[in-house]
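Visitor: Could you take me on a close look at the pockets in this one, and tell me what lines them?

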Amino acid sequence: MLLIERGISMTFEELYQKVIAAKAKDQALDLQEGSYSKGQLDCILHPDKHPMILKKEDCDCTDPACVSACIFHAMEIKDGNVVIRPELCVGCAECINACEGGNLDFTKDTVTAIELLKDEKHPVYALMAPAFVGQFGEDATPAKIRSCLKQIGFAGMVEVAAFADILTLKEALEFVENIHSPDNFQLTSCCCPVWIGMIRKDFSKIVSHLPASVSPMIACGRIVKALHPECRTVFVGPCLAKKAEAKDPELSGAIDCVLTFQELADMFHVFQTDFAAAEAELREHSSTAGRLYGRTGGVSKAVGDCVKSIQSDCVFTPETANGVQNCKALLEQILTGDVKGNFFEGMACDGGCAGGPKRVLDTGSCTERINQYADESPFPTPAENPYVADLMKRLGFHTVEDFVEHSKILTRQL
C-alpha cells in the first residue's frame with residue numbers, strides 16, 4: 001500500500017502523534033487539509049484494514065534488499081515496483097531493517113487500544129511480555145507500571161511470564177513422557193511466532209515435533225477471558241510478529257489488540273504519565289523460569305530446569321538459535337540430522353525478545369534487566385508459583401498435571 005501522496009507536508013509519524021494526542025484527550029482532530037495523506041490517516045484510525053507492513057512511498061529499487069531479506073517470500077517485484085503480500089507476512093521485520101531508504105513502516109494499533117479503554121462496558125487488561133522490565137525508564141518499575149496502566153484506564157496488568165510458567169511445565173512433562181520414543185523425540189519451543197511460522201511453512205517434516213501448545217501470549221489471553229468473559233485483552237511486547245499471531249485463524253479471539261513497547265510508551269506520553277509520582281502496586285505473578293522467556297536461551301533453561309525437577313536423570317540437551325538466518329540454519333541441520341540436541345529453541349530476533357524490533361531498551365541492557373528480574377522472583381520454578389496453583393483452581397483443575405495435560409485452552413485448536 002502506498003501511504004505518501006505528493007505535496008503533503010506532514011510525515012506519517014507526525015500525523016500519528018497528532019491523532020493519538022487528540023484521541024487520548026477526547027479532542028477533535030485539527031488537521032489542515034492537504035497536509036497529510038488520506039491513506040495515512042485511515043491507516044492510523046483503522047489499522048485492521050491495512051497490511052501489517054506498509055510502504056511510505058513508491059520506490060524503484062533495482063535490487064531491493066527488503067525482498068532478499070524476507071525468507072517468507074512476502075515481498076516481490078511486480079512491474080518494477082516492490083509489492084507486499086500480506087497473506088504471507090509473519091511480521092519478522094527483516095524487511096524494515098533491510099530497507100536502505102527507510103521506506104517501510106508498520107501499522108500502529110495505538111488508536112485501537114485507546115478506543116478500547118474508553119469503552120466502559122468492557123474492562124481491558126494489559127498483558128505484559130516478559131521483556132517489559134526497564135522499557136519505560138528508570139522510575140518505571142513493574143509495580144509502578146501496573147499502577148500507571150490503571151491510571152490511563154486499564155483494569156489491571158497481567159504478566160505473561162506467569163503463563164510461560166504454565167507452558168514450561170507442560171513442555172517439560174511432554175518432554176519427559178516422549179524422550180524415550182523410537183523416533184528419538186525432539187521438541188521445539190512454542191513462544192516465537194516467526195520460528196513457528198518458519199517450521200510450518202518451510203520445514204513440514206519437523207511440524208510433528210512442534211508441541212501442540214499455544215504461545216504464552218495466547219494462553220494468557222484465553223485464560224484471562226475465561227476468568228473475565230466481558231473483558232478485552234491488549235498484549236504489549238517488543239514484537240511485530242505478535243500482531244500477526246493474534247490474527248491467526250486458529251488463535252483469533254484471545255487477543256483484541258497488540259501494542260509494541262514503543263506504542264505503549266507513546267500512550268504513556270500522551271496521557272502524561274508520571275512514574276516517579278506513582279504508587280507501587282506490587283504483585284508477584286511469575287517464577288524465575290517464566291521471566292527468563294524474555295531473552296535468548298531463557299526458554300531452554302526454564303524447560304530444562306523443570307525437566308530435571310520432574311525426572312532428575314532425564315537427559316535434556318538444548319540447542320538454541322536467535323536471528324532469522326540462524327533459526328533457518330538450525331532447522332536445516334535438524335532435517336539432515338546434523339544436531340546433538342533433543343530440544344530446540346528458536347528466537348527470530350537477535351538476543352530473543354530482548355532484541356525485538358520495537359523495544360525501547362537496547363538488547364544488552366534489556367537482557368540484564370530480564371536476568372535481574374528473574375533472580376528477584378520468590379518462586380524459582382513454575383511448580384512453586386502459587387499464582388499458577390490459584391489459576392488452576394479457578395479453572396476447575398485439581399492438579400498441575402491434570403491442567404497441563406487436559407486443558408484445551410493451552411492448545412492451538414480449541
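Guide: Let's start with the second largest pocket, where α15 gives the most to the lining, with four residues. Bear in mind that this is a predicted model, where local features need pLDDT of at least 70, side-chain atom pairs count only at pLDDT 80 or more, and totals for chains, interfaces and linings use all residues. Residues are numbered from 1 along each chain as its sequence is written, and side-chain values use heavy atoms, with hydrogens and water left out.

A pocket here is an open set of points on a 1 Å grid over the protein atoms alone, where a 1.4 Å probe fits, with protein on both sides within 12 Å along at least five of seven lines; lining residues have an atom within 4 Å of a point. Helices are DSSP runs (H or I, at least four residues), numbered from the N terminus.

Back to our spot: α6 (142-151) and α15 (363-376) each supply at least two lining residues. The whole lining has 17 residues, and Val133, Thr141, Pro142, Tyr373 and Glu376 lie nearest the centre. Sorted by class, that's six nonpolar, four polar and seven charged. For the classes, Ala, Val, Leu, Ile, Met, Phe, Trp, Tyr, Cys and Pro count as nonpolar, Asp, Glu, Lys and Arg as charged, and the others, Gly among them, as polar. The space inside comes to about 280 Å³, a volume being what's filled by probe spheres set on the points, which are joined across faces, edges and corners.

For context, the largest pocket has a volume of about 580 Å³.
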